[in-house]
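Subject: Structure handover, with notes on the interfaces

Dear colleague,

I am passing the structure below on to you, and I would be glad if you could read the notes alongside it.

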Amino acid sequence: MALDNENKNFFDVVGTRPIRPDGIEKVTGQARFGADAYLPGMLHGIILRSPHAHAEILNIDTTSLDNDPSVKAIVTRKDFSPDLKGEDWNILENVMADQKALYDGHAIAAVACSSLLEARDAVKKIRVKYSLLPHVTDVEEAMKEGAPIIREGVARSSVPKDMHPNIVGYHESGHGNVEKGFIEADLIIEETFKTEAAHQGYIEPHACLVNMMPDGKGEVWCCTQGHFNVAKVCAKLLGTDASQIRVTASEIGGGFGGKTAVFIEPVALALSKKANRPVKMVMSRSEVFRATGPTSSTSMLVKIGMKKDGKITAASGTFKLQGGAFPGSPMAESAMCAFAPYDLEHVKNVGWDVMCNRPKQAAYRAPGSPMAAFAVESVIDDLCKKLKLDPIETRLKNAVKEGSKASFGPRFERIGLVETLESAKSHPHYLAPLKDGYGRGISCGFWFNFGGETSVSLALAEDGTASLSVGTPDIGGSRASMCQIVSEELSIPYEKVRATIADTATLGYNEISHGSRVTFATGLATIKAARDMKRKLCARAASNWGLEEDAVYWEKGYVKPAGPNAGNHDPLSIIDIAKTMGRTGGPIVGHFEASPEGAGVSFATHIVDAKVDRETGFTSVDRYTVIQDAGKAIHPAYVEGQFQGGAAQGIGWALNEEYIYDEKGVLQNAGFLDYRIPVASDLPKIDTVIVEVPNPGHPYGVRGVGETSICPPLAAIANAVSNSVGIRMKELPMSPPRILKAIEENNG
Amino acid sequence: MRYEAPQTLNQAVNVFSEFNGLKRILAGGTDILVQLRTDVIQPELLMNIKDIEELGKIELFDNFWKIGAGVSAANITRNKEFSKEWPGITEGVGLIGSTQIQNRATLVGNLSNASPAADGVPALVAANAMVEIVGRNGNRKLEILSLISGPGKLNMKSDEFISHILIPRQNKNSSDCYIRFIPRTEMDIAVVGCGVNLSVENNNISAVKVVLGAVGPKVIFSEEASNSLLGASLNADSLSKLQEICERDAKPIDDKRGTIDFRRKVAGVLAKRAVEKAYKRIMEDS
Amino acid sequence: MKKVHVSTTINGDNKEFLCDTRETLLDALRDHLALTGSKEGCGTGDCGACSVIFEGEVICSCLALAVEAEGKNIDTIEGMANDGKLHILQKKFLEHAALQCGICTPGILMASKSLLQQNKEPTKEEVRFWLAGNLCRCTGYDKIINAVLDAAKEMRETV
């Protein structure tokens with residue numbers, strides 16, 4: 001039986017749109033998110049945060065709380081593991097400052113009290129003596145000679161010698177000889193671009209409820225994209241064993257990469273350890289903006305040479321990203337994604353990782369790629385305009401296909417960029433005449449996607465129904481897809497499968513829900529676990545019949561004898577086998593553990609119509625279409641949802657979202673009032689086209705879809721704005737003051 | 001924090017005037033609760049006036065409207081008679097926050113907050129509205145521009161609070177308008193706002209008041225801009241003159257919501273658009 | 001300071017609780033009455049995740065004090081389904097896949113319910129502006145708007 005690697009092309013359940021299994025809880029208010037848990041005797045923890053962008057911490061005085069009966073525990077850095085190195089140290093330093101406050105909002109100390117109001121009052125009474133240091137929040141400024149030094153000795157070996165200590169990483173990739181390629185060009189455009197940091201803006205603030213027992217066993221309930229990672233990080237920061245910290249993932253109210261990082265759980269555990277009571281911590285919205293991980297701000301230089309016929313002869317880009325007060329900005333991803341849609345003979349990508357006085361950046365949906373696409377796709381658009389070329393035809397002329405050498409190295413397997421461009425070309429949106437004053441923008445985008453450590457378990461119940469345990473938090477409807485997959489494989493009704501996010505004590509390690517990996521990797525693992533179960537069902541039936549395993553076969557929910565030689569047995573259904581499994585050899589469980597490779601990359605093409613009010617600089621988006629390769633859409637409604645959500649976030653980033661620091665390095669807009677994410681009335685209907693070019697690395701052809709959708713919008717909107725008012729915006733966000741200024745400068 | 005919810009205006013005056021510590025009125029609560037949550041203020045007394053019947057009414061008298069301090073924005077915008085007479089004031093009130101905020105926030109609260117960006121205020125000033133203030137020594141009336149002394153500051157004694165807004169009846173052949181600029185379509189604080197109240201006789205402007213919001217420490221009544229339109233007919237010349245004066249009269253600051261240059265430019269644009277819209281309203285009515 | 005005793009009606013049930021005067025209605029619902037369906041996304045009235053219907057009108061429960069509940073009628077998401085039967089809006093949200101993470105869903109459902117009580121046949125634009133105070137970061141709003149319009153249609157047809 002070659003069940004294991006069989007590729008499926010025809011589906012009964014996959015591709016349909018069933019109601020999600022966690023739906024009723026979510027529309028009735030019963031679903032339990034991070035802040036919805038309570039324990040008897042629990043305390044409330046609050047963190048004291050630095051009001052300064054950069055300062056030495058001279059003294060933390062908590063004596064005013066000494067006689068306060070409501071204060072049950074106070075923790076500072078000395079309550080965490082003293083001997084961490086590398087990224088573990090970075091995480092701890094971000095969770096609780098040591099010698100210096102490195103950004104506005106950096107955690108300095110924490111208290112736990114019997115009530116939230118008492119905790120809010122208590123934390124205000126802690127006196128911290130700071131010695132202010134000069135600060136820097138801009139990536140270019142942070143690289144300059146004489147810029148305030150965040151920390152010495154952090155630079156990786158890739159960084160050339162004698163660079164400023166804030167420059168901590170260097171990346172270079174590409175192939176060919178760009179100098180030679182530029183000589184062949186008929187037109188070269190070189191331009192600098194800047195983008196401001198954007199926050200993931202999930203509506204649920206970080207929240208956890210923890211209990212640390214005196215024997216070192218810890219229980220954590222929290223909203224996270226990766227509870228196995230939370231266990232690992234908490235154990236390290238507290239100096240205990242990962243298996244002693246059991247983490248249960250709550251329902252998660254949005255993450256988009258921002259909940260891949262750990263912030264409050266180790267602090268709550270340290271407070272709980274001291275107080276010997278459960279501790280709940282919930283971030284305020286302002287804490288979320290000040291002290292979690294927005295994406296990097298960037299400064300980019302892109303140069304592209306093109307022939308008159310639209311063929312790109314060479315492309316180079318330099319991408320400088322600040323990652324906050326720590327190394328780790330996604331500059332390599334920017335560099336590698338920048339030219340990924342194009343088949344280039346000569347290409348060079350350079351990335352710089354820079355530290356400054358901002359919070360430690362965290363992943364945000366295709367980290368690094370949207371900004372790079374903004375720069376590259378803007379330049380391509382200008383080249384098209386100057387050479388009077390059609391923007392889609394030009395992209396098609398240069399588009400990567402199966403076998404093309406990627407700008408970041410390997411050769412592509414089967415991919416669907418050309419299909420998205422062809423689909424755009426014939427889409428009613430692209431063919432529709434433009435309304436008066438509007439400009440139409442086109443952009444492509446790319447993301448790698450990812451596999452990663454995955455472990456699932458599929459248990460058969462005595463009534464023939466199935467219960468699937470996965471270890472990847474469901475951030476957008478993945479349980480529905482997993483139930484569809486089990487239903488498809490076992491030929492049992494969708495409603496007869498229940499999918500659960502298991503805690504860290506129940507399954508093997510699971511990588512975080514990130515990299516658009518869940519439907520690909522957990523889906524693949526679920527297929528394999530179901531096939532493992534089918535093999536076991538066949539073996540059980542064969543044994544019941546007294547046959548060898550290879551004398552039976554599986555067909556649509558039944559085990560049947562393979563042929564006349566196997567004897568005359570009535571087919572056994574899953575229910576038949578399940579009913580007697582206790583007596584015939586014990587429970588039947590399918591499982592799968594591996595780190596699947598072969599996450600197929602994904603491309604998208606977006607079309608947008610936008611109009612700028614020339615008197616106020618206000619941009620309205622009238623029509624938007626997302627066309628993206630999903631490989632195979634398991635639940636098309638949730639695939640569309642990912643497309644629409646990514647586009648909406650991209651529109652916000654393009655037009656209004658930004659981190660605004662004042663001259664003291666203090667964040668000015670730490671709330672939803674002035675960090676302006678799109679509201680319902682800002683957006684048009686976002687139309688979607690699901691292109692399905694199967695990923696050869698997945699049995700159903702699935703590609704991750706979550707991240708690619710945010711890559712094209714920044715450039716698509718910029719191109720539409722340029723076509724509406726004839727001005728190339730090189731800085732994000734394209735807020736009304738920036739656009740109006742550009743219009744006036746253009747008017748001379 | 002002491003919390004009081006008096007049932008009559010008399011009781012409220014007594015409670016409020018007799019308390020000597022830091023005190024605030026709770027009407028819609030949409031500003032004060034944010035201030036409590038973000039630690040901007042920690043009053044020792046919070047007095048809820050929403051249960052006081054006479055503060056919950058919109059009343060029409062012979063020559064003025066009287067809107068109680070407890071009346072929600074939604075109740076003002078739903079009042080067909082009022083919104084027909086004062087579409088501009090209604091626009092301003094209708095722009096205070098989301099649906100949820102509209103159901104709670106009050107016009108008096110919007111005014112008392114004394115934010116230069118308050119959406120409810122420019123059209124009130126343009127309409128020559130006044131407030132009625134109650135206190136230990138009885139009532140007094142005050143013009144809105146005299147009431148507001150600066151950002152977050154009111155010319156009131158510690159025993160006083162605002163009980164009502166008094167708005168004159170609109171004149172014949174007149175209408176008003178409020179327009180604001182925000183970077184999104186909803187949910188933002190005005191970057192610039194403009195309220196105008198306009199009267200027309202024989203196609204010429206016979207009375208006008210142009211008021212700018214969010215471009216100074218308090219709302220700005222631009223006398224020069226208003227005068228420039230007096231007696232004029234509405235055309236490209238008069239509008240561009242108006243625009244130019246408003247750009248000049250605006251005294252904005254740079255902040256997270258906009259730059260000085262941007263606010264000046266947009267103040268002119270909004271004044272022009274608001275005058276055009278009010279004018280159009282008058283023409284449509286006649 | 002001594003706590004205040006509040007008697008109120010929530011989803012038709014008489015409820016009593018003790019609270020600090022500084023606590024919000026949202027705090028009371030969640031922490032004193034175990035009604036955690038209303039969510040705190042911002043605490044400042046900017047996201048709408050805490051929307052409840054207070055005396056017949058939708059408000060942000062983070063912008064009302066707990067003590068204000070005295071003698072009032074409040075409906076929360078927990079009271080939206082009737083005896084296990086989903087409200088048409090709830091049903092349509094599921095059918096249209098109008099939620100991804102689901103954190104904003106209770107607030108959006110309460111705001112939508114209030115809209116359809118006042119306006120039986122809203123336009124797309126009216127729905128978008130009515131819901132502008134309810135942030136959703138996952139969906140791009142499209143499926144939410146479709147679900148509300150479809151629910152309005154079905155409610156008109158069934159009445």
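Predicted model: local features only at pLDDT ≥ 70, side-chain atom pairs only at ≥ 80, totals over all residues.

Residues are numbered from 1 along each chain as its sequence is written, chains are lettered from A and ligands numbered from 1 in the order in which they are written, and side-chain values use heavy atoms, with hydrogens and water left out.

On confidence, the predictor assigns the complex an ipTM of 0.98 and a pTM of 0.98.

Chain A with chain C

Taking contact to mean heavy atoms within 4.5 Å, the interface draws 53 residues from chain A and 43 residues from chain C. The buried area, which is the accessible area (1.4 Å probe) that two parts lose on being put together, summed over both, comes to about 4,000 Å² for chain A and chain C, with 59% of it on carbon and sulfur atoms. If a salt bridge is a side-chain nitrogen of Lys or Arg within 4 Å of a carboxyl oxygen of Asp or Glu, the interface of chain A and chain C holds 6 salt bridges; one of them joins the side chains of A:E640 and C:K143, at 2.6 Å from N to O. Polar contacts are pairs of N or O atoms within 3.5 Å, where within protein one must be able to donate a hydrogen and the other to accept it, and residues adjacent in sequence count only if both atoms are side-chain atoms; by that rule, 22 residue pairs are in polar contact between chain A and chain C, both residues being at pLDDT 80 or more.

With helices (H or I, at least four residues) and strands (E, at least two) taken as DSSP runs numbered from the N terminus, the elements of chain A that give two or more residues to the side touching chain C are α1 (23-28), α3 (116-124) and α17 (636-655). Of these, α17(A) gives the most, with 9 residues. Counting Ala, Val, Leu, Ile, Met, Phe, Trp, Tyr, Cys and Pro as nonpolar, Asp, Glu, Lys and Arg as charged, and the others, Gly among them, as polar, that side of chain A divides into 28 nonpolar, 16 polar and 9 charged residues.

Chain B with chain C

Here 26 residues of chain B are in contact with 30 residues of chain C, and the two chains bury about 2,300 Å² between them, 57% of it on carbon and sulfur atoms. Within chain B, the residues that lose the most area to chain C are B:M1, B:Q100 and B:R104, together 28% of what that side buries. The interface of chain B and chain C has 4 salt bridges, and the side chains of C:E40 and B:R37 meet in a salt bridge at 2.2 Å, N to O. Between chain B and chain C there are 8 residue pairs in polar contact, both at pLDDT 80 or more. At least two residues each of the side of chain B that touches chain C are supplied by β1 (2-4), α2 (32-37), β3 (45-48) and α6 (99-102) of chain B, and the largest share, 4 residues, comes from α2(B).

Domains within chain C and chain A

An automatic or database domain assignment gives chain C domain 1 (4-79) and domain 2 (88-158), whose C-alpha centres lie 22 Å apart. The contact takes 12 residues from domain 1 of chain C and 14 residues from domain 2 of chain C. These domains of chain C bury about 1,100 Å² between them, 63% of it on carbon and sulfur atoms, and C:I53, C:V58 and C:I77 supply 40% of the area on the domain 1 side, more than any other three residues. The count of salt bridges between the two domains of chain C is 0.

In chain A, domain 2 (34-133 + 200-291) and domain 3 (297-449 + 600-747) are among the assigned domains, and they bury about 1,900 Å² between them, 64% of it on carbon and sulfur atoms. The interface of domain 2 and domain 3 of chain A has 1 salt bridge.

With best wishes
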